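Subject: Structure handover

Hello,

Here is the structure I promised to pass on. Please open it first, then read my notes below.

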Amino acid sequence: MKLKVDYMKRWVFFIAAVAMCNFTFAQRTITGTVTDAQNGEPLIGANILVVGTSTGTITDFDGNYSLNVSDAATTLEFSYTGYSSQRVEIGSQTVINVSLSAGQVLDEVVVVGYGTQKSKEVTSAVASIKAEDFNQGNVNSPAQLLQGKVAGLSIARPGGDPNGDFNIRLRGLSTVGANTEPLVIIDGVIGASLNSVDPNDIASIDVLKDGSAASIYGTRGSSGVILITTKQGKEGSAKVEYSGQLALETVDETVNVLDAAGYRDFSQRVGKGTDLGSSTDWFDELTETGVSQVHNLSLSGGTAKTTYRVALNYRNVNGVASGTGFNQLNGRLNLTQRAFDDRMRLSANVAATNRDADLGFTQAFRYATIYNPTAPIRDADNTALGGYFQQDLFDYFNPVAIIEQNSNEQVQKRLILNGSIEYDLLPGLTAKMAYSEQYDNDLNDTYFSRESFWVGAGRDGLALLKTTDRFNRLFEFTGNYEKNFNKLNFKALAGYSYQAFDNQEFEIQGGGFLTDAFTTNNIISGAEFPNGLSRNYSYRESNKLIAFFGRVNFNYDDTYFLSASLRREGSSRFGENNKWGLFPGVSGGVTLSNLFDISGVDNLKLRAGFGVTGNNVFDSYLSLSRFGPVLQGGSGGALANDPRRGGNPVYFLYNGNYVPAFGPISNPNPDLKWETKTDISVGLDFALLDYKLTGALDFYTTTTKDMIFEFNVPVPPNLFATSIVNVGELQNSGLELSLNYAAISKQNFNWETGVALTYFLKTDLVSLSTDNFDFGGTRDISNLGAPGQNGTPLIRVEEGAPIGQIWGLVYEGISDDGKWIHADLNNDGEITNDDRAVIGNGLPDFQLGWSNTFKVGNFDFNIFLRGVFGHDLVNTFRAFYEAPDAITSYNILESSNDIANLTESPTFSSFHVEDASFVKVDNATVGYTFSLPKGSSFSNFRVYVTGQNLLTFTGYKGVDPEVRFQDAGNIDSNAFRINDLPSALAPGIDRRNTYFRTRVVTLGVNLGF
C-alpha cells in the first residue's frame, strides 16, 4: 500500500508544480464583429475564447466584441450555439471579423452502414455519441461509455465484477433463441469484439436503431448495430497525449444478513441454530479496497499525404473481491496514406490486446451470505482440508477456503488486422476494397485443490484447461457514385461481402492427483485420466456468409430525402432449402421547416422507415443429422450433447476398457432459416430557440417471425429427442425521446443538459408454435434451485402474453400459528400449483438518462443520473434465507426478524418478488484545465476526480436492482452451471451468485505535448 501512496504523492506534487508556473506578458486589444454567414446579421452573445486559456468574452447586441489578450496568445476560437465554431490565428491582427455558419448540428457527420451522412440527411433512427459526451471515470469497457446515453439502448451489469460482461439490448427484445445483442463493427470490421478496442481509442460511437438503417447488414442486424470509429491522426506536427487514472473501488451494498451477535440473539429467541464460539464477518474476509490504475499514451500527426496514430494502453484493475481483476495491455496503430494526387487513399489498422484475468469464484459471495457468523475461518486440526473450518452440510462451504485454495484464471488474446484501398475512378465514382482478419483466443485455467472441501477433496484435486480459438477473415468490395443534378443530390452504393469463420475448442479435465504442485500443468498424471472419469473433448466448426448489397440516397434541395437498400445474403449454417434471403430497407424524410415558417423552430424534420433484418442461427451444423458422443448433464436437449455446453461423456466398460458411447445428437432440418424482423419506425427531429434545444422523438414497432427455437420431438420417428426449428412470432414497440439543451452560454459560465428517455410499450410473445410444432400455450421455466426448491419454476412463458412473467403463489400474510397464507385463486379450499398467478415482470417499462455539464472558468463539472423503472426481481436470497427455520443450518437475512413467528420453511410467492425500480448517480466528475503560457511544454493539462455509482435510490432489498435481462441458470454446489445457455425468456431473476455492488472514485490527469 505504501507504494500506492507514494505513487499518488508523486502525482499530486507533479500537478502542483506545473500549476504554480505563472508568467506575465504584455497585453493588447483585439476587436471585431461576429455575424451570421448567411444573412449578415450580428450574432448576440457569441463566445470568443483565447485557445488554451480561460480568457474570453462575448459579443454585444450589435455583434461587436473587444478582448484584451497577452502577446503569448496565438489563436482565438469563435463559437455560437447551433453554429459551426471557427478558429483564427491572431498573428499581428488587432481587428478580426468572423462569419459563422448556422446548422452545426445539421452538418455533423454520422456514421451509417458502409458510409457517412450529414445529420440533416439521415432518415433512419440513428444515434451518434462523440468522445466528449462519453461517460467518464474508471471505464474499462466500451459499453460503459454509452450506458444511459442513447434512448432505446439498455446496458446493464449487476454487481461490480471487473471481469463481468455487460448485457446490451437495443429497443427491447427481438428474439428468444438467437443473438439478443447488437452487432458490433469497429472501423468497418464486422463482428469485432468490444474487448478488442480500448475505450480511450474511441472517437465516436454510432447506433443504428431501426430496421431501415440496419438492413444493410442483413442476417445480423435484428438486434441493432453499434458502429465504433477509432481516433485517427491529423495533419500537423507530432502530438503526444497521455492520460492516467488511479481508482479506488469499495463495496457499496451487500446482502443484509445477521452478524454474530444478531445470530446468537435470534438463535436464542427461536431455540435453533448453533453457536460455534467465534465472530466472523465473512463479507469483510472476502473483500478489500480495489486499487486500479490506467495509463494511455498516444502519438499522432502527419503530413498532407500521410497521417498516423499510435496508442498504447495499460490497465491494472483489481476488484473488491480478493483475487479478482485483470492486467490488460492494448496497442493500436492507425495509418492512412494518400497517393496519385489524392485519388488513392490507403489505410491500415492493427489492434492487439492481451488480458490476464483472475476470475475468482462468485459462488464465494453466496456462501459468505449463508455461512454461520459464529464459525471460525480456520481449524488447525483439520489438516486434510487445508486447516480450514468446514461442516458437512448440504450446499455449505467455507467461502474463504473457496477463494484461497482454488484458482480460476483466464488469458484473452485479441488481434485485428484490417486495411483498405480506395480509388477515385472518375469524378463522383469511387471503388474500395477492404480486407480484415480477426483472431480471438481464450485460455481458461481452473484448479481445485486436493484439500478443497468445496470441489477438489472428493476427487483428490480437479484440473480443467480449456482453449477456444475464433478466427475470421472478411473481404468486401464496394463502389460509390455521387452526382448532383441541380437541386438533387444522388448517391449510390453497391457491394460484395465474403466472411469466413473458423472456430475450434479443446478441453481437458481430470482429477486424482498426488500433489497440488502441478495444478493444471500435468493433468494426464491424475489417476482419473485413464479410467473414463475425466472429461476431454475437442471441437471445430466453420461457416461462411456471402452477401450482395446496394443502397441509393436522394437529397432534393436539403428538404426531401429518400434512402433505399437491399441485401441478399447466404449462410452455410442454414438448411439446404433456405440458405439465401433478402433484406430490404427504405426510409424517407422531409424538412418541414424549409416548407413552413414556424416561429421559434430552426429545424423540423419528419422521417419514417421500414426495414427487414435477420438473425443468424447460434451454431453450425444444426440443420444436419449428426452422430457423436452421447453426453449427460449440461443444459438439456440437443445442447446437452454439445461438450461446450457442460455435458459429460457417457462411458461403458468393454473388455476392461472404458469406451465412449456414440449415437444421434441432432435431427436434420433442411428448411432451417434465419429469423426475420420487420421494423416500422417514425421519428421527428427538431431544433428550437436558435438551435439551443435539439432533440428527436421516435416511435417503433417490430415483429419477429420464424424464431430459432429448440423443440421436443418424439422418438421415433425422429432419431433424436429435440429439433432446432423456426417457430412463432414476437412483437415489440416503444417510444423514445432525446433532448439536448444549451441552457446558459456566457463568457465564464456554461450549462448544457441532456435527457434520453425510453418507454417500452410492449414485448409480447404472440406465438411459439407452427402447424408441426405445438408449444402448448404455456410452459414454466427457470427453477429456483437447491436446497429444496428445484421443482419451483419462477417464469411462465405464455403465448399471447408479455415476456418476463414472474409466476408464483400470491402472498397474503402469516397466520397466528406461523403458517404461510396464500391466495386460493381457484376457490377449491387448498393451496396448490393451480393457484399460481402472474406476480411480476422482469422487463422494465421505462428508462432514463439525464446528464448535466457545467463550465465555470477553467473548472468543469458533469453529473449523470440513470434510472430504470417498472421491472421486478425475484430476490432468491429472500426466497431461501428469509425464514427463521433456515437458521438450523444457515445464516439468515436480518429481515427474518420481521417474520420471526414463521414456523414453516420458505415457499416461493409474491412475498419474494420486489419492485426493483431505481435511480443512480452513475457518474459525477469535477475537472480543472490549466491555462498554459506560451512556450509551455504542454498543449493541454487537465486534472479531474470522478465518482461512479455514488448513490442508489431504490426500494429493492437485494444487492443490485439492475435489470436481469436473461437468466443464466443455477450453479450447483460443485461450481458447475446447471443451465448453460442464458435464457432471454426468463428475465428478472436475481441469482445468489451476484457480485457485490461497488462504488468507485477516480483521480485522473490528461496531458498533451
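**What I found**

D685 counts as buried, at 16% relative accessibility. Buried means under 20% relative accessible area, exposed means over 50%, and partly exposed lies in between (1.4 Å probe, protein chains only).

Some background before the rest. This is a predicted model, in which local features need pLDDT of at least 70, side-chain atom pairs count only at pLDDT 80 or more, and totals for chains, interfaces and linings use all residues. Residues are numbered from 1 along each chain as its sequence is written, and side-chain values use heavy atoms, with hydrogens and water left out.

**Salt bridges**

Side chains of opposite charge can pair when their charged atoms come close. I count a salt bridge when a side-chain nitrogen of Lys or Arg is within 4 Å of a carboxyl oxygen of Asp or Glu. That rule gives 43 salt bridges.

D685 pairs with K605, with the closest N and O atoms 3.7 Å apart. D685 sits in strand β36 (residues 675–688) and K605 in strand β29 (residues 601–615), so the bridge ties together parts 80 residues apart in sequence. Strands are DSSP runs of E with at least two residues, numbered from the N terminus. K605 is buried too, at 2% relative accessibility.

D252 forms a salt bridge with R999, and their closest N and O atoms are 2.5 Å apart. This pair links distant parts of the chain: D252 is in strand β17 (residues 236–253) and R999 in strand β54 (residues 997–1008), 747 residues apart. D252 is buried at 16%. R999 is partly exposed at 26%.

E505 bridges to K466, at 3.8 Å between the closest N and O atoms. E505 belongs to strand β25 (residues 488–511) and K466 to strand β24 (residues 462–485), so parts 39 residues apart in sequence are tied together. Buried or partly exposed: which is E505, by its relative accessible area? E505 is buried, at 12%. K466 is partly exposed, at 24%.

There is also a network of salt bridges, which links R866, K920, D922, D960 and E962.

**R345**

Find R345 in strand β21 (residues 344–358). R345 is buried, at 19% relative accessibility. Its side chain makes a polar contact (N or O atoms within 3.5 Å, one able to donate a hydrogen and the other to accept it; residues adjacent in sequence count only if both atoms are side-chain atoms) with the side chain of D424, at 2.8 Å. A polar atom of the R345 side chain also lies 2.9 Å from the backbone oxygen of D342.

**Cavities**

Rolling a probe the size of a water molecule over the atoms shows where empty space is left. A cavity is a set of points, on a 1 Å grid over the protein atoms alone, where a 1.4 Å probe fits but cannot get out; lining residues have an atom within 4 Å of a point. Points are joined across faces, edges and corners, and a volume is the space filled by probe spheres set on them.

How many cavities of 30 Å³ or more does the structure hold? There are 7.

Best wishes

How values were computed. 1 Å grid on protein atoms, 1.4 Å probe; cavity = no way out; pocket = protein on both sides within 12 Å on 5 of 7 lines; lining within 4 Å. Helix = DSSP H or I, 4+ residues; strand = E, 2+ residues; numbered from the N terminus.
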